[in-house]
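Q: Hi, I'm new to this structure. Could you walk me through it?

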Amino acid sequence: RYSAPQYRKGARFFAAKPGLTQEQTIEVANSALLPLSGALSSVASARVYLGHAPDPGLLVVWSTDADAVAERLAVTMREVDRYQPAGVLVAPTMQAYLTDMLLPPTWEHHIVSPIQAAIDLYGLGYDQLADEITEGW
């Protein structure tokens, strides 16, 4: 529970927007993140590392300036009081948590490192995806 982004102090939650695909939601979240320091996790990291992810599924945006990201995200999505399993979660972090983040060649989005992706997925209840990422470690 302590590692789960939804319990992080200062985490902010956004409901899924009807009509937006998962890819469009990732684009919206990434646009809210840029040019700030941060990376995407959860379904975005599963798509990069495994080639698949639950759809709908939660998208996590880690940022060193979570309030600014949330402000930008609120232009497109509705902020809510509680964790939304198919929405977007903006989680505050320190720069050190973004160590080893990737910018995959086929994506234009920064993704958390594989170990951070696995920690996030376990914390969010996506145990099978986390097990797939860590298989063979």
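Q: Let's start with helix α4. Which of its residues are buried?
A: In helix α4 (residues 114–124), the buried ones are Gln116, Ala117, Ala118, Asp120, Leu121 and Leu124. Buried means under 20% relative accessible area, with over 50% called exposed and anything in between partly exposed (1.4 Å probe, protein chains only). Helices (H or I, at least four residues) and strands (E, at least two) are DSSP runs, numbered from the N terminus.

Q: Before going on, what kind of model is this?
A: This is a predicted model, where local features need pLDDT of at least 70, side-chain atom pairs count only at pLDDT 80 or more, and totals for chains, interfaces and linings use all residues. Residues are numbered from 1 along each chain as its sequence is written, and side-chain values use heavy atoms, with hydrogens and water left out.

Q: Thanks! What do the buried residues of α4 pack against?
A: They pack against β2, α2, β3 and α5 (127–134). Contact here means heavy atoms within 4.5 Å.

Q: And what comes just after α4?
A: Gly125, which takes a positive phi of about 90 degrees.

Q: You mentioned α5. Is Ile133 in there buried or exposed?
A: Ile133 is found in helix α5, and it counts as buried because its relative accessibility is 9%. Leaving aside neighbours within four places in sequence, Ile133 is in contact with Tyr49, Leu50, Pro114, Ala117, Ala118 and Leu121.

Q: How do α2 and α5 pack, then?
A: Their axes are 11 Å apart and the angle is about 40 degrees. Axes are lines fitted to C-alpha atoms, for helices over the stretch in contact, and angles run from 0 to 180 degrees between N-to-C directions. The two helices α2 and α5 are therefore oblique to each other. Angles under 35 degrees count as roughly parallel, over 145 as roughly antiparallel, 65 to 115 as roughly perpendicular and the rest as oblique.

Q: Which residues make that contact?
A: Ala46, Tyr49 and Leu50 of α2, together with Leu129, Glu132 and Ile133 of α5. By class, the contact of α2 with α5 has 5 nonpolar residues, no polar ones and 1 charged. Ala, Val, Leu, Ile, Met, Phe, Trp, Tyr, Cys and Pro count as nonpolar, Asp, Glu, Lys and Arg as charged, and the others, Gly among them, as polar.

Q: What about α1 and α2, how do they cross?
A: The axes of helix α1 (residues 22–33) and helix α2 (residues 43–50) come within 11 Å and cross at roughly 115 degrees. The pair α1 and α2 is therefore roughly perpendicular. Gln22, Glu23 and Ile26 in α1 meet Val43, Ala44 and Arg47 in α2.

Q: Switching topic: what is the strand order in the sheet?
A: The sheet is open, has 5 strands in the order β2-β3-β5-β1-β4, and its pairing is mixed. Two strands pair if DSSP finds at least two bridges between them.

Q: Which strands stand at the edges?
A: β2 (38–42) and β4 (79–80), each with a single partner strand, so one side of each has no neighbour in the sheet.

Q: How many residues of β5 are buried?
A: 4 of its 5, so to speak a mostly covered strand.
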